Amino acid sequence: MSDDASYDFEPRELSPVETIRHSAAHLMASAVEVLFPGTKFAIGPHIDHGFYYDMELPSPVSEDDLERIEKQMRKIAKGNHKFEHSLLPRDEALAWARETGQDYKVELIEGIDAPMISFYKHGTFTDMCAGPHVRYSKKLKHFKLTRIAGAYWRGDEKRQMLTRIYGVAFATKDDLEAHLHQLEEAKKRDHRRIGKDLELFRITQEYGGGLVLWLPNGAFVRKQIEDFWREQHLAHGYELLFTPHIAPRTLWDRSGHTEHYTDSMYAPMEIDSEAYQLKPMNCPFHIGVYRGRKRTYRELPIRYAELGTVYRYERSGALHGLMRVRGFTQDDAHLFCTPETLEEELGGCLDIAQLMYRTFGFPDYKVELSVRDSQDTSKYQGDDAIWDLSEKTLAKVLDDRGIEYKRIEGEAAFYGPKIDVKVVDAIGRTWQLTTIQLDFNQPERFDLSYVGSDNTGHRPIMIHRALLGSIERFFGILIEHYAGDFPPWLAPQQARVLPVSVKSLEYARGVVKELRSRGLRIDLDDSDEKLGYKIRRAELDKIPYSLIIGAREVDNGTVGVRKRKEGDLGAMTIAEFGDRLAHDVETRSR
């Protein structure tokens with residue numbers, strides 16, 4: 001079968017475009033089989049916008065081979081082969097896989113507990129698959145192979161490294177071209193390239209893969225993000241925490257991380273004959289603060305927030321700039337509340353999240369509500385009444401705010417339902433940011449309680465809540481959203497003073513000094529280059545304002561103001577420009 005899902009004959013429900021992408025994966029595999037005889041096929045599912053297939057090829061392939069494979073795909077598609085469905089008894093399917101040398105299919109079939117196995121054939125190519133597919137291959141017209149990557153078989157780094165070929169496919173030519181345009185735009189906005197050009201951050205193997213060196217420019221943008229984050233949390237009644245980076249292994253045993261999260265944790269270190277581990281999450285520490293003394297219902301809700309740095313082991317192949325790192329700072333918060341205050345607290349989480357999106361320039365977002373599987377509630381922890389209350393309350397706070405959302409049954413964690421929010425960036429991509437997760441597990445594990453109005457002990461409801469996800473990843477998203485062209489309040493340098501000649505240099509230095517005294521970030525280009533070159537360099541460095549200083553400005557005590565992308569704004573006094581820029585910063589104008 002093309003994807004590692006249901007291998008029996010039960011059909012799946014796919015949308016028309018998903019069916020096209022699923023069929024395109026088969027089409028690509030058939031083309032590879034023609035061009036590279038002896039290829040062993042693993043899995044090849046449809047994904048957002050396209051498809052991929054993992055394969056063990058008899059010889060290496062590169063990006064240069066994609067055009068040849070794509071050409072063969074089009075040749076096969078034009079043959080208008082019918083996608084024919086058939087069923088084979090399990091033993092016959094296993095014999096087919098062995099006879100054709102498809103070792104990965106053998107392993108897949110051996111793991112299937114079904115009497116019949118579903119197959120699809122088009123032309124000379126046959127693949128295990130539950131379907132569905134387009135009826136004829138001629139339907140597959142609007143596709144493009146995009147890149148090649150490596151992927152371990154079944155995600156296990158101890159197993160065979162396979163070749164993964166990605167492609168995109170759509171129902172119409174216009175949709176394909178729009179997506180390809182988006183991919184090109186995404187390349188221009190790649191935060192890794194822009195981060196290097198603007199000297200924002202650096203990641204090198206010398207200092208550790210996935211570990212970020214924040215350069216002065218990037219560190220300032222980070223400071224702006226964090227300052228706004230802290231300011232808003234204090235305004236919304238949160239208390240700020242700082243917690244350690246390591247803890248005894250026994251703490252992670254109690255929290256359940258040792259049992260369920262070991263593969264993502266760094267190995268223990270021995271301190272005073274006791275095992276310690278770097279923290280992968282902040283939750284147990286916030287719980288420790290809560291448990292510091294007896295709590296009563298009058299204190300709840302309690303809101304703890306921390307910009308807490310955590311460490312998680314990511315395979316080297318999964319690391320990707322700031323988007324996937326090994327050490328990162330979560331904008332974490334944990335709320336402890338009663339059933340009576342749950343709705344208000346969830347609403348407050350959404351309100352501050354929406355404020356964050358607006359301020360950072362993301363007016364559009366998509367929301368998902370993950371609830372438990374109503375057909376099988378046995379795998380979820382917690383009282384049914386609490387689950388029902390929690391799911392209804394999550395839905396109500398979304399409904400009350402008029403927020404459209406997609407309800408996803410069976411996607412809740414075993415310890416509680418959640419809300420996920422994905423923001424839409426400047427070129428239409430979605431990025432997972434906010435998670436608001438209810439947790440009935442940790443309060444139980446750590447025996448959390450509060451004294452209720454009835455003078456007896458009760459278990460608090462715990463809310464895990466991250467708005468930005470992590471500072472590193474969010475910064476990467478911001479870079480790509482703005483293409484490095486940050487609004488003045490975020491920009492590392494807000495204005496650059498450009499003296500026309502050495503004669504105006506002394507006055508220019510005075511301008512820099514006066515504006516810096518107002519807390520504004522101003523630098524000076526005192527090079528011997530011509531003015532046109534200085535302006536061009538300021539544009540490339542994405543400085544929001546350029547202040548031109550010539551003889552006329554020196555005589556009049558003004559600056560010639562030029563705004564990036566808008567051009568000349570005319571002459572202003574130093575105070576007038578200072579007021580304009582200060583207003584941009586104070587209002588966080590975009």
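Author: The answer below begins with the whole chain, turns to one helix pair, and then considers other sites for context. The model is a predicted one, in which local features need pLDDT of at least 70, side-chain atom pairs count only at pLDDT 80 or more, and totals for chains, interfaces and linings use all residues. Residues are numbered from 1 along each chain as its sequence is written, and side-chain values use heavy atoms, with hydrogens and water left out.

The protein has 18 helices and 28 strands; helices (H or I, at least four residues) and strands (E, at least two) are DSSP runs, numbered from the N terminus. Along the principal axes, its C-alpha atoms fill a box of roughly 90 × 70 × 55 Å. Of its 590 residues, 51% count as buried, where buried means under 20% relative accessible area, exposed over 50%, and partly exposed in between (1.4 Å probe, protein chains only). Among the contacts with a separation of 6 or more, 71% join residues 24 or more positions apart; a contact means heavy atoms within 4.5 Å.

The part requested is the pairing of helix α11 (residues 342–360) with helix α12 (residues 384–400), which pack at an angle of about 45 degrees with their axes 9 Å apart. Axes are lines fitted to C-alpha atoms, for helices over the stretch in contact, and angles run from 0 to 180 degrees between N-to-C directions. The angle makes α11 oblique to α12, given that angles under 35 degrees count as roughly parallel, over 145 as roughly antiparallel, 65 to 115 as roughly perpendicular and the rest as oblique. The crossing of α11 and α12 is right-handed; a crossing is right-handed if the near helix is turned clockwise from the far one by less than a right angle, and left-handed if anticlockwise.

From α11, the residues L342, E343, L346, G347 and L350 meet S390, T393, L394, K396, V397, L398 and D400 of α12. The residues of this contact divide into six nonpolar, three polar and three charged. In that division Ala, Val, Leu, Ile, Met, Phe, Trp, Tyr, Cys and Pro count as nonpolar, Asp, Glu, Lys and Arg as charged, and the others, Gly among them, as polar.

Helix α3 (residues 90–99) and helix α4 (residues 103–110) pack at about 160 degrees, with their axes 8 Å apart. That angle makes α3 roughly antiparallel to α4, and their crossing is left-handed. The residues of the contact of α3 with α4 divide into six nonpolar, no polar and four charged.

Elsewhere, F577 is found in helix α18 (residues 574–586) and counts as buried because its relative accessibility is 0%. Not counting residues up to four places away in sequence, F577 touches A495, L515, Y545, L547, V559, V561 and M572.

The cysteines complete the account. A search of the whole structure finds zero disulfides, a disulfide being a pair of cysteine sulfur atoms within 2.5 Å. The sulfur of C283 lies 14 Å from the closest cysteine sulfur, in C349, and is therefore too far for a bond. C283 counts as buried at 8% relative accessibility, and C129 is buried with a relative accessible area of 0%.
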